[in-house]
Amino acid sequence: MIVILFGPPGAGKGTQAQRIEREKGLVQLSTGDMLRAAVGAGTEMGLKAKAKMEAGQLVSDDIVIGIIRDRIQEDDCKNGFILDGFPRTVAQAEALDGMLDAQGLKLDAVIEMKVDDNALVDRISGRYTCAKCKAGYHDTNLKPKVDGVCDVCGGTEFSRRADDNAATVGKRLEEYYALTAPVLPYYAEKGVLQQVDGMAGIEEVAAQIDAVLAA
Ligand code: AMP
């Protein structure tokens, strides 16, 4: 199964993609995570992406399309994958169609997580991840069961993203509405677009997504 989780930064795409990976064996493909890894490793691609990411702007289409083209050919993607943060422009969506066609694959669903802009700044500025396994948490909405200990791997070190600050969030939302939201009609026309209420609690959102995946 091939699924796209779609929505603005802070909509909960990463949280749900990680859950689906754990529960259903689809691989989470987060272009944001892959770019952060490239920045951390100091690769040529990372150096190109770093300034854009810090400014809350999109990285160029050719870079992210190249990342996904290579990644979906790896063995672990054979049972299906869930795209989290890709595509983010119509050009990326068109390129994805071309890649899937070339491999004889079909996109099953695009799930839009609908959220109020007002909630996003709070969601983004409160979030953090386990430094070891990358499980996601939030200062108020999703705390580890034991304070300071990751539920998934027992890690005790956590990190916050450099771009998860109020100043950058505004730019990221601008980019979303200018460049990413226009992808929605593209998928609506293809008849694959579904919506869930991203303002509901994590369990309820999960149930709505699972109902789409089961259909
Ligand atoms: P994310 O972790 O999905 O919020 O992405 C973090 C940042 O990585 C974004 O603000 C962009 O700068 C960059 N990025 C991630 N995915 C893409 C993409 N599909 N197209 C362009 N830039 C991306």
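1. Lining of the largest cavity, by element. In this predicted model, two elements each supply at least two residues of the lining of the largest cavity: strand 1 (2-6) and helix 7 (166-180). Strand 1 gives the most, with three residues.

2. The cavity itself. The structure holds one cavity of 30 Å³ or more. About 80 Å³ of space lies in the largest cavity. Its lining is made up of 13 residues, and those closest to the centre are Gly7, Lys13, Gly85, Arg88 and Thr180. By class, the lining of the largest cavity has eight nonpolar residues, three polar and two charged.

3. Second largest pocket. How much space lies in the second largest pocket? The figure is about 360 Å³. A set of 17 residues lines this pocket. Nearest its centre lie Thr15, Arg22, Gly136, Leu142 and Ile202.

4. Helix 1 gives the most to the lining of the second largest pocket, with five residues. The lining of this pocket divides into eight charged, six nonpolar and three polar residues. Note the charged set when viewing the pocket; it has eight members.

5. Helix 2 against helix 3. Helix 2 spans residues 31-41 and helix 3 spans residues 44-54. Their axes come within 8 Å and cross at roughly 115 degrees. Angles of 65 to 115 degrees count as roughly perpendicular, and helix 2 and helix 3 are therefore roughly perpendicular to each other. The crossing of helix 2 with helix 3 is left-handed.

6. Residues in the helix 2 and helix 3 contact. Which residues of helix 2 meet helix 3? They are Gly32, Leu35, Arg36, Ala38 and Val39. From helix 3 come Met45, Gly46, Ala49, Lys50 and Met53. This contact holds six nonpolar, two polar and two charged residues.

7. Helix 5 against helix 8. Helix 5 covers residues 90-102, and helix 8 covers residues 183-190. Their axes come within 8 Å, with a crossing angle of roughly 35 degrees. Is the crossing of helix 5 and helix 8 left-handed or right-handed? It is right-handed.

8. Residues in the helix 5 and helix 8 contact. Helix 5 brings Val90, Ala93, Glu94, Leu96 and Asp97. These meet Val183, Tyr186, Tyr187 and Lys190 in helix 8. Six residues of this contact are nonpolar and three are charged, with no polar residue.

9. A cis peptide bond. The bond from phenylalanine 86 to proline 87 is cis, with omega near 0 degrees. Proline 87 sits in the loop between strand 3 (81-84) and helix 5. Helix 5 also takes part in the crossing with helix 8.

10. A positive phi. Lysine 134 has phi near 70 degrees, a positive value in a residue other than glycine. Where does lysine 134 lie? Its place is the loop between strand 5 (127-130) and strand 6.

Definitions and conventions. Residues numbered from 1 in each chain as written. Predicted model: local features only at pLDDT ≥ 70, side-chain atom pairs only at ≥ 80, totals over all residues. Heavy atoms only, no water. 1 Å grid on protein atoms, 1.4 Å probe; cavity = no way out; pocket = protein on both sides within 12 Å on 5 of 7 lines; lining within 4 Å. Points joined across faces, edges and corners; volume = space filled by probe spheres on them. Helix = DSSP H or I, 4+ residues; strand = E, 2+ residues; numbered from the N terminus. Nonpolar A, V, L, I, M, F, W, Y, C, P; charged D, E, K, R; others polar. Axes fitted to C-alpha atoms, helices over the stretch in contact; angles between N-to-C directions. Parallel < 35°, antiparallel > 145°, perpendicular 65-115°, else oblique. Left-handed = near helix turned anticlockwise from the far one by under 90°. Contact = heavy atoms within 4.5 Å.
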